[in-house]
Amino acid sequence: MGSSGASGDLSGEMEVDAFRRLFPLRFYERHLLESVRPDARPLGRARDTTVALGAVATADGSAMAKIGCTTMLAAIKLEVMTPPLDSSDEGSVAIDFHMPPICSPIVRPGRPAEVAPVVSKQLSDAIISSGMINLKELSLVSGKAAWMAYLDIYCLDADGALFDAALLAAVAAFSHLQIPAVTVNDDGRVVIMSGENEEGKLLKDPVNKEKRKLTLTCIPFSLTCILHKNYILADPTAEEESVMETPVTVVLDSSSRLVSLYKPGGPVLAYMSAVQDCVALTRQRVKELQKILSDAISDMEVD
Amino acid sequence: MEFVSPEGLRLDGRRPMEMRQIRAEIGVVAKADGSASFEMGNTKVIAAVYGPREVPNRSQQISDQALVRCEYSMANFSTGDRMRKPKGDRRSMEISLVIRQTMEACILTHLMPRSQIDIFVQVLQADGGTRSACINAATLALADAGIPMCDLITSCSAGYLNSTPLLDLNYVEDSAGGPDVTVGILSKSDKVTLLQMDSKLPMDIFENVMQLAIEGCKAVANYIREILLENTKQLEYRRGT
């Protein structure tokens, strides 16, 4: 190992991996000078993204989204509930984000990840405020019965950009969701209609005749960027997030309107121009994500 | 209710001595030291192994061997009705303990003193036999992590319904109220490390059912060996040797 000289460029004297562990910031800055990142991506490019619908057979709607190594599994289960008085013709959505210990070495059974409830709240806010779901579509019998959609998102591998992957998985799961056909039986209880007609039980018309999907408008997509000095890195990995600590998350909807902007502190104080650059990068990313999602949906329909 | 039809077919069309389709994959969690996913029919689980690593709580470390910890949790959507409390309930704690003690039997813990090996298992879809699928996935994950083991542990369940021993019960057959025997064996040395049974069964029939489960374990062990061999070939190929 070389001696640690004051202004020493030690990279010539020790292995790359050791340098990466010991001096992570300098390792990254050497790469940023060439406008590239250690995994050979240019600064503004996101990692390879894939979406697969219907990953969980037992759920009413599900999807798995992968951005690079970050993997999220989202599943929606519908249950019937009585709607509250002030929104008697609307259903409800409950969103929960979990980081089980398999996903990352920093999560341990007694010590849940700090970031899990933060992402959970961000997701809830983004999905509900974007107006993607029309809650009236989740109503069954006004005032008496409505659907409660429980969306559970599990992180199976945490490698940075958790919010982006989770939002993509959530949106894909809602695109895949099929509301089952139900009818109200004699006791006033809602039962799921099976294929065969049972005589004498269908006193009223079925509430939904057949399985239907939700109409989604203004679908939100997001991109997380990291600011470091005057560089903007799109879609950081977990290593980049831990070294350079200023994330900015921008959520735009499909018509490029701003749904949410999130910059939780961090050492870099950004000028408006930096924020606008982030929004521009997000706009490009939204187009990519829209294409990926629509390809996944049409693949499902072909089956 | 009839679980075995007069022609000898079960509810899902299998024969009594037939296992469900098994599928395994190694290295599914990039951040883990070792990971694997294991599917037995519709039961899908992911196991991730982190270790050997430092014990966070110094007072818990053992000076001459490694500490093995295990946590079993089920996803909210894994069962038919959404689960309210996926971990920390009694069943999950019991299964965590069972998996830990089963795996401890084969890990050579004395080679890694003062360290900790964490085995985390997450059930994504539950259709009976989750305990067995978790043990099989944990074995693969430990092998992927390069943790020294004396043998491969595999597990399978068997039951007895309509006077027929049945191999690899699914959820419907399991909840029928008949006996359910889960066996875990060390595949090469043919020793039993896990044996659990509930409900009542006469002794002679029990021996048949247990033997059937052991056959199932051996079949899983052969499959796991193939997967590990294939994985090693891939690693060799990537290394360019």
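Hi everyone. Buried, for today, means under 20% relative accessible area, while exposed means over 50% and partly exposed covers what is in between, using a 1.4 Å probe and protein chains only. This is a predicted model, where local features need pLDDT of at least 70, side-chain atom pairs count only at pLDDT 80 or more, and totals for chains, interfaces and linings use all residues. Residues are numbered from 1 along each chain as its sequence is written, chains are lettered from A and ligands numbered from 1 in the order in which they are written, and side-chain values use heavy atoms, with hydrogens and water left out.

Let me start with chain A as a whole. Of its 303 residues, 47% count as buried. Chain A holds 6 helices and 14 strands; these are DSSP runs numbered from the N terminus, H or I over at least four residues for helices and E over at least two for strands. A contact here is heavy atoms within 4.5 Å. Among the contacts in chain A with a separation of 6 or more, 67% join residues 24 or more positions apart.

How far can we trust it? pLDDT is the predictor's confidence in each residue, from 0 to 100. Chain A averages 85, and 89% of the residues score at least 70. Over residues 195–205 of chain A the pLDDT is below 50, and this stretch has 6 contacts in the model beyond near neighbours in sequence. Residues 1–8 of chain A also stay under 50, with 7 contacts beyond four places in sequence. Where pLDDT is low, the predicted coordinates should not be read in detail.

Now to helix 3 of chain A, residues 115–130. Its 16 residues reach 22 Å from first C-alpha to last, close to the 22 Å expected at 1.5 Å a residue, where the expected span is 1.5 Å times one less than the number of residues. Which residues of helix 3 are buried? They are Ala116(A), Val119(A), Ser120(A), Gln122(A), Leu123(A), Ser124(A), Ala126(A), Ile127(A) and Ser130(A). Their cover includes strand 4 (92–98), strand 6 (145–157) and helix 4 (162–176) of chain A, as well as strands 11, 13 and 14.

Helix 3, helix 4, strand 11, helix 5 (238–243) and strand 13 of chain A each supply at least two residues of its lining. The space in the largest pocket is about 840 Å³. Of the 33 lining residues, the closest to the centre are Ile106(A), Val115(A), Gly160(A), Leu162(A) and Glu241(A). The lining divides into 19 nonpolar, 7 polar and 7 charged residues.

A few backbone details next. Most residues other than glycine have a negative phi, and most peptide bonds are trans. Lys229(A), not a glycine, has a positive phi of about 50°. Lys229(A) sits in the loop between strand 11 and strand 12 of chain A and is exposed, at 56% relative accessibility. Ser256(A) has a positive phi near 60°, lies in the loop between strand 13 and strand 14 of chain A, and is partly exposed at 32%. In chain B, the peptide bond from Gly51(B) to Pro52(B) is cis, with omega near -5°, and Pro52(B) belongs to strand 3, residues 43–54.

Leaving out residues up to four places away in sequence, Thr130(B) touches Thr43(B), Tyr72(B), Arg91(B) and Val123(B). Thanks, everyone!

Note on methods:
On a 1 Å grid over the protein atoms alone, a cavity is a set of points where a 1.4 Å probe fits but cannot get out, and a pocket is an open set with protein on both sides within 12 Å along at least five of seven lines; lining residues have an atom within 4 Å of a point. Grid points are joined across faces, edges and corners, and a volume is the space filled by probe spheres set on the points. Ala, Val, Leu, Ile, Met, Phe, Trp, Tyr, Cys and Pro count as nonpolar, Asp, Glu, Lys and Arg as charged, and the others, Gly among them, as polar.
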